[in-house]
Amino acid sequence: MEKGFFKKNKILGINLLYIISLIPIILYGFYKNGIVVAQHGFFSYFLATQYIVIPIIIIVLSYVFESYYYLGIKKEKDSHSVVNSIVPYVNALCYLVCGPTNYLWLTVPLIIVLDIILKFIDNKLSINQVALFKCILFGILTAMSLTNNANLYEASLDTTVTSPVSLFIGSGIGEIGITSTLCALIGYVILLFNSYYKKEIPIFCIIGYAIVSVIMYFVGGLSFNELLVNTFTSGFIFASVFVVSLSTATPVIKSGRIIYALVVGALCAVMVNILNFNIGIYIVILIMGLLSPLLNKFKISLD
């Protein structure tokens with residue numbers, strides 16, 4: 001290792017914190033979609049390990065891809081851009097928003113294709129890669145009539161979990177990484193130690209969501225229990241912590257970030273609680289990401 005490697009690559013530690021924040025999510029996804037399903041005899045414990053092995057492989061291969069791109073194609077003289085890349089974290093997030101039974105022959109190539117395309121355009125359009133991936137995947141799976149996010153054990157049950165407490169912990173049906181609000185919040189606490197993480201975005205996103213939800217409670221006739229169930233089953237908290245805040249598709253100035261987060265949260269509340277359209281969360285994030293350069297013009301005294 002070259003002398004002064006870690007001093008020269010300070011962003012490496014920052015990006016490692018991003019990946020570390022996903023550990024609680026990955027471990028719970030392994031337990032819920034792997035261990036529990038294996039315990040009920042739907043596949044072997046060896047196959048259950050895929051929910052840990054696959055995200056690790058995705059992260060490692062992402063660094064391999066970044067090495068080929070920066071050192072092989074762009075002919076950079078050192079590995080600075082490789083070790084400081086956020087792409088492994090983003091690709092791991094893409095995997096975590098896939099359903100537990102989604103086909104790897106579809107999801108992994110889609111992750112790779114989007115990596116290549118966004119490298120080609122240099123992401124000049126402020127595209128949220130995770131939101132784009134999720135929207136495209138949803139479109140493909142809808143066309144194939146494969147939108148069920150239940151794992152094999154959950155698909156065999158006649159009833160679903162409706163207790164807000166159980167749903168908060170992560171017992172609901174959903175994508176690999178989104179069901180546990182508790183784990184998402186643990187990930188947020190870890191990210192608070194990351195100086196590059198835009199920590200105010202999840203807070204204001206949740207505030208915007210809460211404001212609209214309160215209005216729905218008093219005007220729309222939704223009960224508090226319904227609002228909690230809708231929130232915890234939609235994966236909104238996961239999206240707020242990990243997807244909405246991606247630095248490549250958010251406003252630069254603080255006031256722009258606050259407006260961005262409030263609007264995203266408010267629109268997500270409509271998508272989840274009125275339209276019952278959870279994929280709408282990612283559509284909102286994608287559109288607002290594209291509009292984020294415009295929000296940089298809203299410079300007020302917060303900055």
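The protein chain contains 17 helices and zero strands, where helices are DSSP runs of H or I with at least four residues, strands are runs of E with at least two, and both are numbered from the N terminus. The structure is a predicted model, in which local features need pLDDT of at least 70 and side-chain atom pairs count only at pLDDT 80 or more, whereas totals for chains, interfaces and linings use all residues. Residues are numbered from 1 along each chain as its sequence is written, and side-chain values use heavy atoms, with hydrogens and water left out.

For 303 residues, a compact globule would have a radius of gyration near 19 Å, and the protein chain agrees with this at 19 Å; the radius is taken over C-alpha atoms, and the globule rule is 2.2 Å times the number of residues to the power 0.38. Of the 303 residues, 51% are buried, that is, under 20% relative accessible area with a 1.4 Å probe, protein chains only.

Helix H3 (residues 23-39) packs with helix H12 (residues 181-191) at an angle of about 155°, their axes lying 8 Å apart; axes are lines fitted to C-alpha atoms over the stretch in contact, and angles run from 0 to 180 degrees between N-to-C directions. H3 and H12 are therefore roughly antiparallel to each other, a term applied to angles over 145 degrees. In this pairing, Pro24, Ile25 and Tyr28 of H3 meet Cys183, Ala184, Ile186 and Ile190 of H12, contact being defined as heavy atoms within 4.5 Å. By class, the contact of H3 with H12 comprises seven nonpolar, no polar and no charged residues, with Ala, Val, Leu, Ile, Met, Phe, Trp, Tyr, Cys and Pro counted as nonpolar, Asp, Glu, Lys and Arg as charged, and the others, Gly among them, as polar.

Methods:
Parallel < 35°, antiparallel > 145°, perpendicular 65-115°, else oblique. Buried < 20%, exposed > 50% of the residue type's maximum accessible area, 1.4 Å probe, protein only.
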